[in-house]
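Dear colleague,

I am handing over the structure below, together with some notes on what was found in it. Please read them alongside the coordinates.

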Amino acid sequence: MPVSPHTPSTQISLLSLLKEHFGFTAFRPLQEAIIRDVLAGRDVLALLPTGGGKSLCFQLPALARPGVTIVVSPLIALMKDQVDGLRANGIAATFLNSSLTVEESQTRLRGLRAGHYRLLYMAPERLMLPGYLSLLKNFQVNLLAIDEAHCISEWGHDFRPEYRRLMELREQVPSLPIIALTATATERVQTDIVTLLRLRDPACYVASFNRPNLTYQVQAKDNPFGQVLAFLRTHPKDSGILYCQSRKTTEMLANRLQTRGIKAVPYHAGLTGEERTRHQERFLRDEIQVICATIAFGMGINKPNVRFVIHYDVPKNLESYYQETGRAGRDGLTSECLLLFSPGDTAKQQRFIEEKPHPHDQQIARRQLQDMVQYAECTTCRRRALLRYFGEEMDAESCEGCDNCLTPRETFDGQETARTLLTTVEDIRGTSGFFVGLNHLIGVLIGANTEKIRRWGHDELTIYGTGKAYSRPAWASIARELLHLGYLRQTEAPFAVIEITDQGREFLREPQPLRLTQPMSASAQTFSNAQDLAYDESLFNRLRHLRKALADERDVPAYVIFSDVALRQMARDFPKDAQEFLRISGVGNRKLEEFGPIFLKTIAEHLMHYPPLIIPPKVPPSPPPVSSQQRRLGETVHETLELYRLGHTVEEIARQRGLVSSTIYGHLAQAIQVGEPVDVERLWTAQQQSEMEAAFHKTGFGNLTGAKELLGDNYEFGHLRLFRAIMCKD
C-alpha cells in the first residue's frame, strides 16, 4: 500500500536534497510548490515547458521519503536516458521494458522487493498487465508519475490509445496519489488529462510556455537543401535536429549532408530498432552533428545541448511544433528554431488529413493545420502568437527573439492590389454563380491557360491576366494576408473555396488605405547570443574533450557527466578547490567525489600555461541607429511615463490602467532606451543596485533568468529589465 504522505520525511530540507543529489542551489519556477503538494499526497497536474524541470517534480519527492515512485513513460529511450542520469547522481533507479531479457527483469523485480530502488520507470502497456498491477498493491509505492500525459487526449499532438487504460489505476489503487506531467497541452487537453486520469481535486500548475532562450524564424522555402546547408555552415560545432515529413526525405538529406562533410544520420520508423538505437546513441554522445528525423524521433530526448531545430517541412499542428522546437536549448543557452515554409507542404498535409477514416478526426486535424499555417505566415511577433495559442498573453511589446520582431518585413501600399484580388473573387462569383479555390483564383489573375478556366469561361473576364506583375507565390501570400485581415474567408475542406466577406465588399465600395506585408525572405538571419555566459573557449573545449572521454568510459551520453552550462561556468569561474567546484551548477556530492579531482586538475593545468582571461559581462550589442520616427514612443508608453512622473508607483499605474506590473516596467525600459529621462532611484536602494550589477556581471546583461535565479525572490523581472535598460543604453 502507498506510504502515508504525512510522514516526518516531508520535513527534510528540500534545498539540501536538491544540492546534494542534483547540484542545484535553487528551484525553478513552480517546482518547490509542486513538490510540496506531491509530498502532501495531493493529485497534481504539472504543465512545465521543455527544459523547465518536470522530472525533478517526482524525482526529488522519491528521495524525501521511503518507498518507490513508479514513473509511466512512453519511450524506452526516455527511460534509459533518465535512469542513466539518476544513477550518475547516485540515485537508485531502474526500468522495466521490452529491451530487457527475462533474467534481467527478474533481477530488477527482486531488487524492488528488497527495497533497492527509489524510482521505477515503466511503459503504460506493461504497467497495466495483471502481473505488474500487483506492484502497486504489494510494494511500498508512494507516487505514480505519468510523464507525457498529453498522450491520453485525442486533442493532444501525440495521442496514444494505451494511455487511456491508465484511468483504471484509480480503481485498482484508489489511495495512490498521481502526478501528471506534460510540456504541451492546450486547455482542452488539460481538461482531458484531469478527467481521463480521474485526478481528485488536483493542484494544477501551469508555467509560462515562453522559452526566452529560443529564437524563432520562418523562411520561405526556396532551394531548401541550400538553405539548410547555409544554416549549418554558420553552426559548425553545434548539434541539432532536422525534422522532415517523410522517411525518404530524411534519408536524402542525411546522405547529401554527409557528402558535404557534415556528420548526419537519418532516423525514422522504417529503420530497424537496432539502427534507430545506434543513430540516437551517436547523436546523444555528440558523435553526430545532425539527426535528420521524422516525428518518430524526439519525445523524451534529454540531450540538453541541442543548439538548433530546423523544420524542413511544416508540422501538422502547433503543439507538435512547440514540442519539437522545445528540444533545443534545454540547458537554457541560446538556441535557434528555423521553419522552412511552403504552401505546397500544406497541400501535402491536407492529403494526409483526407486519408483519416473519421470525419471528426479530419475536422480536428484541419483546424490544427490552419493554426499552424497562420503562425508561419503571421507578420507580428511569433512568440506572442505561439503563447496565445496556449492561452498565455505576453506582456512585452517585442520578444526581441523572432524574425518579425528583430527585422520586421517591409510593407507596401496594397490598396490597388487588394482591390484587384477582391474584384476577381466577385467577378468569378457573378459570372459562374460559385466561388473557387485559391489556386484557380490565382490562375485567373496571372492568366493561366487551364482546362477549368476555359471550361468556365473565366479567361473571358476583364480581370483575366491583369495580375501578371506578381508571381503565383506572391499572390498566394497576398490572399492569405487578406484572409487574416478579414477581407476574405476560406470554407472548410474538402471543397475549400475563397469567399469575400462583408468587410471585403465594403472595401470595394469605399476603398481605404491598406498596407500589406512583403512576402517572407528565403535567407536566414543571425541572432545574438548575448544572454549566454561569457567563458574561456579554449578551456571549455578542453573540458568538453575530457567530458567525452569520461562518458565513453562509462558508456553514457556526455551530458550525464556535466552539462554545457556547467562546463561554461568552469571555464568562466576557474574553480580551484572542492568548495568552489561545488558552486558549479549541477555539481552535487556524488559528482564532486567522482569527477571533481580530474576536472580541477585539468583547470589548474590550463591556468599554468594560460593565465585566466578576464571575462567581461556580456552586454548586448548596441542597436543600429534609429530614425526620429522610430524613436517615438507609442501612446500607451507615454501614458505610463506621464503617470510615473506624477509620482505614482508602478503598482498604482498598473491598477489604474488595468495592466500588470511587468508591462509597466517594460514601458519604462522602452522610455529609457530611446533617451527619455526616468527617475529610477525611487525603485531600489543603492545596495539593491549593487546586487543587481554584481548578478549581471556574473551572468551577462542578456541573461535575465540567470540574474533572477542568483538574486532570488526579492527582485522582480521588471526590476532587472529596467536596470539592464539603464546599464545598456547609448
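In what order do the seven strands of the open sheet lie? The order is β3-β4-β2-β5-β6-β1-β7, with parallel pairing, where strands pair if DSSP finds at least two bridges between them, and where helices (H or I, at least four residues) and strands (E, at least two) are DSSP runs numbered from the N terminus. At the edges are β3 (93-96) and β7 (203-206), each of which pairs on one side only, and the twist from one strand to the next averages 20 degrees. Within this sheet, β1 (residues 44-47) pairs with β6 (residues 178-182) over four bridges in the parallel sense, and A46 stands opposite L181 in β6.

As for provenance, this is a predicted model, in which local features need pLDDT of at least 70 and side-chain atom pairs count only at pLDDT 80 or more, while totals for chains, interfaces and linings use all residues. Residues are numbered from 1 along each chain as its sequence is written, and side-chain values use heavy atoms, with hydrogens and water left out.

Helix α5 (residues 102-113) lies across β2 (68-72), β3 and β4 (119-122), at about 135 degrees to β3; axes are lines fitted to C-alpha atoms, for helices over the stretch in contact (heavy atoms within 4.5 Å), and angles run from 0 to 180 degrees between N-to-C directions.

Helix α13 (residues 318-325) is largely enclosed by the rest of the structure, because eight of its eight residues are buried, that is, under 20% relative accessible area with a 1.4 Å probe and protein chains only. These buried residues pack against elements including β8 (214-220) and α15 (359-377).

Kind regards

Notes: Buried < 20%, exposed > 50% of the residue type's maximum accessible area, 1.4 Å probe, protein only.
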